[in-house]
Amino acid sequence: MDDVEAAARAFLASLSPAQRARASFPFGGAERTRWHWTVPTSVPRNGLPLGQMSIRQRRFALALLRASTSRAGYGKALDIMSLQGVLQRMTTGINDPFDADRYFVSVFGRPGDRAWGWRLEGHHLSRNFTIVGDILVTEPFFLGAWPTRAGTAYRTIVRGERAMRREEDAAREIVLSVDGRLRRRVVFSSESLTDHVTQNAVRVTPLDPVGVLARDLPSAAQRRVLEIVRTYIANHPPATARRVLDRVERAGMARIRFGWAGSLRPGRSHYYRLQGPTFLLEFDNSRNSGTHIHSVWRDFERDYGRHQL
């Protein structure tokens, strides 16, 4: 984790004393597990917002994000943040492609200590990183989007590109690949849920076992289950992604349950859940006619690095 530590040290060194005090928190304090995905005007955040950093300081902050994620994960975070600018234009008419004031950086403990961490959080994005020794823990993490389709954006992504395309489409393909009795088992509710069940709980336990086991799905659908898992895990650096995937596979891919609620038509409200022995993935797209995603990945034992502390 030398690169993450070095990036964190460089970021903190770039700040003024007042900025550093605002961005720094004790590792053992309550702030480390206080998280949310909604707009900071609804749930005020602590930490130092990107919008109150100089261009140089913001580069150091984004370099810390880049060191803590994969290339795909870094791009996903920037896409989600850029969609905040799209939303601002939709709701206020203000043309700001990247509303940096809404994303906050917090560092917990001192980089280089046995246990420390950091977080980047704002509307529809909460990336929590805990470092214990040479282990990087990336759970829990929240990815969302509204709107789900971007125009011009901070990362200059292609006009009209969807920020979370396979996360949504692969799950729908699973349901559409089955019919009859099996589909009735997969679809546990004809109505979508109104949000993800676990909300911003500090610790979660397994939810009700809705849907069906992956082993009961056709082989093509089982591959889609694995694709969804891999798509989320691909946000992590390669070594961390391998460790998380190994943990999921050792627990048994066949023991993952997949359940769907709501409409099967694109642009309509829906929700799905993947739950294995070790993890929970909730994906909710109930708002704004199925164009407003909330998704969260939780580990029942390892959120916030509890297993290492």
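This is a predicted model: local features need pLDDT of at least 70, side-chain atom pairs count only at pLDDT 80 or more; totals for chains, interfaces and linings use all residues.
Where does His124 lie, in terms of the strands around it? Residues are numbered from 1 along each chain as its sequence is written, and side-chain values use heavy atoms, with hydrogens and water left out.

**Figure 1. The whole protein, with its eight helices and 13 strands.** Helices (H or I, at least four residues) and strands (E, at least two) are DSSP runs, numbered from the N terminus. Of the 309 residues, 56% are buried, where buried means under 20% relative accessible area, exposed means over 50%, and partly exposed is in between (1.4 Å probe, protein chains only). Take the contacts (heavy atoms within 4.5 Å) with a separation of 6 or more: 64% of them come from residues 24 or more positions apart.

**Figure 2. Helix 1 and its buried face.** Val4, Ala7, Ala8, Phe11 and Leu12 are the buried ones here. Look down the axis of helix 1 and its buried residues fall within an arc of 130°, so they line one face of the helix; the arc is that of the directions from the helix axis to the C-beta atoms. An α-helix has 3.6 residues a turn, so residues three or four places apart point the same way. Turned away from the buried side of helix 1 are the exposed Asp2 and Ala13. The cover over the buried residues includes helix 2 (17-23), helix 3 (55-68) and strand 4 (115-122).

**Figure 3. Gln57, a buried residue in helix 3.** Gln57 has a relative accessible area of 8%. Its side chain makes a polar contact with the side chain of Gln19, at 2.8 Å. A polar contact here is a pair of N or O atoms within 3.5 Å; within protein, one must be able to donate a hydrogen and the other to accept it, and residues adjacent in sequence count only if both atoms are side-chain atoms. Setting aside residues up to four places away in sequence, Gln57 touches Phe11, Ser14, Leu15, Ser16, Gln19 and Gln52.

**Figure 4. Aromatic pairs and charges over rings.** Rings of Phe, Tyr and Trp (its six-membered ring) pair if their centres lie within 6.5 Å, with planes under 30 degrees apart counting as stacked, over 60 as edge-to-face and the rest as tilted. That rule gives 13 aromatic pairs. In one of them, Trp37 and Phe142 have ring centres 5.4 Å apart and planes at 15°, so the pair is stacked. Trp37 is in the loop between strand 1 and strand 2 (48-49) and Phe142 is in strand 7 (residues 141-145), so the pair ties together parts that are 105 residues apart in sequence. Trp37 is buried at 4% relative accessible area, and Phe142 is buried at 0%. Phe279 and Trp297 have ring centres 4.5 Å apart and planes at 10°, so that pair is stacked too. Ring pairs link Phe141, Tyr232, Phe279 and Trp297 into a cluster. The charged end of Arg127 sits over the ring of Phe141, 4.9 Å from its centre; the test is NZ of Lys or CZ of Arg within 6 Å of the ring centre and within 35 degrees of the ring normal.

**Figure 5. His294 in strand 13, with His124 among the residues it touches.** His294 counts as buried at 4% relative accessibility. Its side chain makes a polar contact with the side chain of Asp195, at 3.1 Å. Leaving out residues up to four places away in sequence, His294 touches residues including Trp37, His124, Phe142, Asp195 and Glu282. As for the opening question, His124 lies in the loop between strand 4 and strand 5. His124 is buried, at 3% relative accessibility, and its phi is near 70°, a positive value in a residue other than glycine.

**Figure 6. A cis peptide bond between Glu139 and Pro140.** Omega is about 0° at this bond. Pro140 lies in the loop between strand 6 (135-137) and strand 7.
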